[in-house]
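Hi,

Here's the structure I said I'd pass along.

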Amino acid sequence: MLPGYRSLLLGACALLIVSGCGSSSTGSSSGSINVPGGGGTGGTGGGPTGNPIGGGSGPTGSTDSVVGTPSVAGTVSVIVGVKRTISITFTSSDGRAISGFGISGSLGTLPAGWSGPTTFACASVSTGSGCVLNLTFAPVAVGSGTLILDYVFVDNATVPNTSGSLTIAYVATPQNNIVAAASPTGQINAVVGGGSQSVIVNFTTDDGGPATALTLTTNLTALPAGWSSTATSFTCSSLSSGNGCQLPLTYAPTAAGNGTLTLSYAYQNDAGVAKTGSLNIAYRAMPPHLYVAQLTQLTPPAGALYDCLLNTDGTLSTCAQTGTGISAPTGIVFNGSSSAYVTDYGSSAVYLCNVGIDGSLSSCASEGGNFQNPLQLAINGSTLYATNANPTGGVTTCSIGVNGTLSLCTQSSGLGTAGIAANASFAYVSVDPTTVDVCAIGASGGLANCASAGGIFSGAYGITLSGGYAYIANQGNGTVSVCSINPVGTFAACAASNIGGAPTDVVIKGSQAYVNDGTGNIDLCSVDAVGAMTNCVPSNGGTSFSFGVQQIAIH
């Protein structure tokens with residue numbers, strides 16, 4: 001090709017660059033060139049072979065193209081408020097030099113958030129990094145789209161190409177936030193003097209992406225009454241998802257009340273922006289209550305369930321009936337702070353009830369089955385145990401669901417069972433007037449290998465476990481047997497504490513004990529270092545109970 005015609009071609013291509021022609025949707029892939037003496041198009045001439053003016057095969061070289069490679073593979077993702085530079089390197093597809101390269105006008109209309117030079121051209125494109133376009137993506141709003149760069153060049157066969165195009169998908173993502181969640185969820189409930197409630201606060205980001213410099217700004221040494229933490233301050237240098245950033249808390253109220261614990265914190269999100277957040281944890285501390293389940297008549301079965309407030313000195317006050325809809329309550333046990341199970345002797349049913357902040361029971365509904373005139377109840381983990389009076393007796397074992405519902409209730413054989421108590425390894429059942437059995441608790445909660453625990457009793461009825469001792473109410477001789485427990489679950493020795501009357505049940509709270517003496521009184525007794533009960537006096541809270549009290553419980 002004559003030098004003049006070569007210059008003419010480059011000039012035409014330069015005109016394309018300036019004018020913005022050659023878009024991928026409308027531009028042609030190549031132009032036509034008339035070579036003197038050739039009589040053809042596309043550089044084909046009729047001159048002698050090897051003659052650059054005419055004849056032979058025309059321009060030498062192959063048809064190649066320009067390839068654009070962004071510094072980010074795939075979709076370009078940038079957080080709103082963050083700036084990111086994207087470098088695009090243009091090279092020759094076959095490594096041979098390509099001339100006349102330029103972006104054909106699309107730099108003037110970049111999508112929102114994108115910026116760069118208004119024009120871009122390279123005299124020569126081959127290999128390496130000699131032709132690099134730098135663009136910046138700094139989104140100010142969430143969104144997505146496609147950036148298209150159209151370009152022109154003269155290929156190795158000296159054919160102008162106006163169809164070059166590079167497409168880059170992009171997305172602008174929102175800035176993330178640190179969120180805090182407490183476990184257990186919902187309102188934290190505890191009973192005054194009833195031990196502590198552990199609460200774990202887990203900090204994560206709402207998108208699983210990173211955040212940094214978390215600092216709890218709430219003073220952990222000045223939390224509301226009843227709340228405490230093993231940490232005096234709390235920080236996490238970085239976090240995302242999972243449980244790598246957790247704050248331990250404990251709720252152990254000493255007085256009744258309710259409120260909201262607010263935990264405030266500061267951090268930097270994934271865009272490096274300083275932000276703050278907070279978590280509100282509702283809580284309530286219920287005063288301890290003593291519940292009395294009693295029968296008033298057997299034919300037809302009838303009775304009442306009482307809820308009594310425990311005063312700070314241990315005495316009872318303001319006893320009131322509760323648990324409407326249960327006609328003949330004989331047993332009661334609590335599952336956590338907000339639900340209770342109550343047996344109904346007359347309907348051979350067990351009811352699940354809600355426990356209100358005032359201690360009242362409501363919304364009682366029958367659960368499970370295979371109960372035969374049930375008497376007393378016990379819970380170990382996710383298993384409920386109910387003794388049955390007749391006709392076949394035995395113990396009914398039920399699985400407790402996550403919402404408190406009972407299922408898979410099975411009844412064992414046995415006659416005359418009354419009281420029951422359970423710990424993590426053993427269950428104790430009064431199976432006849434003189435015998436208390438100890439049963440191993442299996443992995444699924446079932447009872448196995450039941451045998452006499454030792455000791456001789458007189459009308460054995462209600463049982464409770466506390467401080468390494470088993471307490472058995474003896475209806476027949478007006479005593480409560482206090483039995484120390486061996487590691488294998490049997491009784492090492494039993495001693496009688498004189499109560500009077502015909503005791504049917506006993507519960508322990510610290511250094512105090514409550515005994516239904518079978519004469520209509522709930523006796524308040526002192527408990528000494530070896531478990532013996534002394535100084536028992538009636539404490540009825542102004543209420544006269546029936547002689548038919550079956551089970552008492554503290555919550």
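This is a predicted model, and it holds 8 disulfides. I'll walk you through three of them here, among them one between Cys 122 and Cys 131.

In that pair, the sulfur atoms of Cys 122 and Cys 131 sit 2.2 Å apart. The torsion about their S-S bond comes out at about 95°, so this disulfide is right-handed.

Next up is the disulfide of Cys 353 and Cys 364, with an S to S distance of 2.1 Å. The link is right-handed, with 120° about the S-S bond. Cys 353 belongs to strand β24 (residues 349-355) and Cys 364 to strand β25 (residues 361-367), so the bond ties together parts that are 11 residues apart in sequence. Cys 353 has 0% relative accessibility and counts as buried, because the cut-off for buried is under 20%.

Then there's Cys 398, which is joined to Cys 409 by a disulfide with 2.1 Å from S to S. Here Cys 398 comes from strand β28 (residues 395-400) and Cys 409 from strand β29 (residues 406-411), and the two are 11 residues apart. The torsion about the S-S bond of Cys 398 and Cys 409 is about 120°, so this one is right-handed.

And is that last pair buried or exposed? Cys 398 is buried at 1% relative accessibility, and Cys 409 is buried too, with a relative accessible area of 11%.

Cheers

Note on methods
Residues numbered from 1 in each chain as written. Predicted model: local features only at pLDDT ≥ 70, side-chain atom pairs only at ≥ 80, totals over all residues. Heavy atoms only, no water. Disulfide = S-S within 2.5 Å. Helix = DSSP H or I, 4+ residues; strand = E, 2+ residues; numbered from the N terminus. Buried < 20%, exposed > 50% of the residue type's maximum accessible area, 1.4 Å probe, protein only.
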